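Here are some exercises to work through with the sequence and the 3D view side by side. Try each task yourself before you read its solution.

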Amino acid sequence: MLTRFILPRLGWAVVTILLATILVFGAMQALPGDAATQILGQNATPDAVATLRRQLGLDQSPVERFVTWLGNAVTGNFGTSLVSGQPVGPEVGRALLNTSILAGITIVVGFSLALALGLVAGLFRDRWLDSLISTVALVGMSIPEFIVATLLVLAFSIAIPIFPAVVVAGENASLADLGPAMTLPALSLMFVASAYIIRMMRTSVIDVMETEYVHTARLKGISTSRLVFRHVVPSAILPTLNVVAMNIAWLIGGVVVVESIFNYPGMGSLMIRSVQSRDLPTILLITVVGAMTFVICNLLADLAATLLNPRLRYPRNSK
Amino acid sequence: MSITRNDDLAIDVKDLDIAYMSGKLRVNVLENVSLQLRQGEVLGLVGESGSGKSTMAGVLLASLRTSSFVASGTVHLDGMDVFKLKGRELREFRASHVALVPQNAGAALTPTMRIGEQLEESFRLDATSSATRDARIRRSIELLDLVRLPNSSGALEKYPHQFSGGQQQRIGIAMALAARPKLLVLDEPTTGLDVVTQAAILDTLKRLHQELGMAMVMVSHDLGVIDKMCSRIAVFRRGRVVEEGETSLILREPSHPYTQGLLDSVPRITVPGIPPSLDDAAIDAFEHGATMPPREVSLYERVAPEKTASVLAIRGLTVDYDRKPKPGGAPTVLDFDLDVHAGEIVALVGESGSGKSTIANVVAGLQRRQSGELTLDTTTALAPTVAHRSKAVRRAVQMIFQNADTSLNPRRTVRDAITRPLRLFNVRGLSAEEALAEVGLPSGFTERLPGQLSGGQRQRVGIARAISARPSLVLADEIVSALDVSVQSSILRLMDRLARDNNLGFLFITHDLAVVRSVADRVVVLYLGRIVEEGTVSEIFGPVSHPYTSLLLASVIEVGDDHSETIAPGQDEVPAGPPARGCPFASRCPLVVEICRTTKPPVIEASSTHAIHCHVPVEKLRHSQTTSLRSATRFQQTS
């Protein structure tokens, strides 16, 4: 299992992460200006810019700089921020923790709800309950998250002011500050990310309900709950797992827009700030973390699918 | 339960109409059906696809397709009006009175549940069996033993996919029997199985019926199976019962031309020649008051071509799906030789997993081979993959597939499907109209889409597509297996005519021995990727054959057999792969001797054209003459 399944994937994971950093590094080179011009502003003299460039090591060729960064990164040293001069690790770590809390709530509450709604929609196919759920899911898929977020703010911070609209404390907010402020960002994320899971689960349930084995099980005269939870759900959930994994990865990899709307001090906000200041070490570490999350989530989804699917667990010939 | 009456009848269906709405129009699936069956009897439901027999089977389980409804009439099972049952009552009725043995147990067992749990679910209303965990396990093992599943105690912890098709079917039967039903409904229970497995499963079912005595309803298109299993028979055509009564009576002396036509259009392993097709017009005329049409028993006997040039020669073909062969393993196909001559129909016969489709794919260039020479038209060596073959070679080798509905693009017209190969090869072949005329379809069909054609017509389009580029070799993979018998014989006649008129060589892959007998000139019998016997069609169906061929022939079930023969236990257990040495059939062979397990069998030349790969001396290969016995019955019956 380990050698056949996980090791090759880990190999590919390394390649994926490397490619992602190269792409991001290249894209940053293509942007006009660099950290030195951003820090010194428009009125800086060419001399001052050149000096700062030398200090920051930006005078070397891009290839040289990337190789140096890579060499350090492999040993766990991701460098210091070009803006604050502090090591990037702790700063990104704080942001990752905040995003993880937000994502965790969304995943646990939102995705369970989404799976349940998808199941209900599939079971009551073409009835009013299905139409309602499907329509809401379709709306969730079609509206961009910043509109959802704005509408939620309008409704629950302005019309009925029960939740704060933004995190006032910004990046220095403590966990206690974040608590109530997390509700609206989490709701926006749930609404958008759940839509795909609901649709996928619904389709999957409908497919399974039409299989011969569900028909046969029904003819055995078993109870509806047994039919649904023993015969339908285990098979229906398999194709949905990958969509769930993609959504989890998307959540952690930086829900840029939602975080900046609510001024939530997570990976997304940090990334936007770092891009604006051309803070390459921070951006590269965010890239690495994001890519790793993607790879790990997909690996976990495949593992879960294998564990849930007896066909993969017990290949036919290994009797 | 309320509404009861006359419960010595297992089934009492009165004036039943089942319908669905197509727009504002009511379409009847079943019309005016009345059927009765006494307790303990076995009823066969016979008919072609779309005749309503499967709908009838569903009705007996109180189950209809979502859009269908009972328009009028009543269905009483065991004295209970089943369509009046709702919710819990219906569930308990299903859990205790009726059970279904599905057509394809592989698809009917839930893939994510262990066999044990699925069995227990079926007898959970039975208080004694399901009292304790031990009692449940005991009852489950008892059920699996009842259906003769090998290693029954180890099976409970396994999942459905870990069993072969025949074993899955046995589990399906065990599951149906679990609740001790009073009525067992079997929907084509052996249709997807190999002939030996089919015979073994039917033996098991027959024994179970004798031991348990429940009433059974068996849906099948196969009259031989019905004849073996059923005491009564109801013949369905277009949603109506055209004839109903005692099996022996109806199959010997049908009083409706449809039953007669069904009987006469089935090819037999005992009688050479292609049977006549069903005459729908005559049947319709009869239903409108005309007299019974005379019984047509003239079979068309094909004549093999004389000494024509070779179109395909295969020498020493070996195919192995394992890239790195394991010690103790053996290649999928080993040392395979074959010749197809112009105008000749060569049948490649074997059970599923025998490698017949692998060989066709190698010839078509879709599957790589490890070694072996393939020669087309005596001069051209065939490259291993289709990408390395010239356009001329690709044009010369064409394939027809089993499922015409899935091998035609549903969005392309018939004309597109037929002329596409021509445009690809940039050759002047037949026009779409000419190709359709060749396969007996009107030229007006060119603009139709596959969805607008019947199954037989689609298969004709598939054939037209294959011949439009004027190939010299056609690979026909199970091309009549999915068709109703009435259409089957017309396609067989078409194959015969194309071979003769166009000098086409056919490599015809099939598991159906009766079809082989009717249309093939020469036969190659394949077992686990090795040739066990080859010869002309009369030699293969003659009195001397390889033990495997004998087993296949003995397993075929036809109307008029005495049906007493049974398959020895374990004879239907096909090993997962060929042995590394010795005879591939040694593990199942009734005549096996020690040398068979160690040494490759020699080739016995029973005649210049008849070769048997076997260690047993040829005198002992003369089998019990079942075939000649059977032909006697057949002639009695038709005279």
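A residue counts as buried under 20% relative accessible area, as exposed over 50%, and as partly exposed in between, with a 1.4 Å probe and protein chains only. The model is predicted, so local features need pLDDT of at least 70 and side-chain atom pairs count only at pLDDT 80 or more, while totals for chains, interfaces and linings use all residues. Residues are numbered from 1 along each chain as its sequence is written, chains are lettered from A and ligands numbered from 1 in the order in which they are written, and side-chain values use heavy atoms, with hydrogens and water left out.

**Exercise 1. Describe chain A as a whole.**

Step 1: Begin with the burial. Of the 319 residues in chain A, 43% count as buried.

Step 2: Look at the elements. Helices (H or I, at least four residues) and strands (E, at least two) are DSSP runs, numbered from the N terminus. Chain A has 15 helices and zero strands.

Step 3: Along the principal axes, the C-alpha atoms of chain A fill a box of roughly 85 × 60 × 30 Å.

Step 4: Turn to contacts, meaning heavy atoms within 4.5 Å. Among the contacts in chain A with a separation of 6 or more, 75% come from residues 24 or more positions apart.

**Exercise 2. Classify the ring pair of A:Phe25 and A:Phe66.**

Step 1: Recall what to look for. A pair of aromatic rings is described by the distance of the centres and the angle of the planes.

Step 2: Set the cut-offs. Rings of Phe, Tyr and Trp (its six-membered ring) pair if their centres lie within 6.5 Å; planes under 30 degrees apart are stacked, over 60 edge-to-face, and the rest tilted. Over all chains, the structure holds six aromatic pairs.

Step 3: Apply them. The centres of A:Phe25 and A:Phe66 are 5.0 Å apart and the planes stand at 65°, so this pair is edge-to-face.

Step 4: A:Phe25 belongs to helix α1 (residues 2–30) of chain A and A:Phe66 to helix α4 (residues 62–74) of chain A, so the pair ties together parts 41 residues apart in sequence.

Step 5: Check burial. A:Phe25 is buried at 7% relative accessibility, and A:Phe66 is buried at 11%.

Step 6: Widen the view. Ring pairs join A:Phe25, A:Phe66, A:Trp69 and A:Phe78 into a cluster.

**Exercise 3. Explore where chain A touches chain B.**

Step 1: Find the residues. Chain A gives 23 residues to the contact and chain B gives 28 residues.

Step 2: Find the salt bridges (a side-chain nitrogen of Lys or Arg within 4 Å of a carboxyl oxygen of Asp or Glu). There are four across the interface of chain A and chain B. One of them joins B:Glu117 to A:Arg226, with the closest N and O atoms 2.9 Å apart.

Step 3: Name the elements. On the side of chain A that touches chain B, two or more residues each come from α10 (212–219), α11 (224–252) and α15 (310–313) of chain A.

**Exercise 4. Is B:Ala62 buried or exposed, and what is its phi?**

Step 1: Locate B:Ala62 in the loop between α1 (53–59) and β4 (69–77) of chain B.

Step 2: Read its accessibility. With a relative accessible area of 9%, B:Ala62 is buried.

Step 3: Read its backbone angle. Phi of B:Ala62 is near 55°, a positive value in a residue other than glycine.
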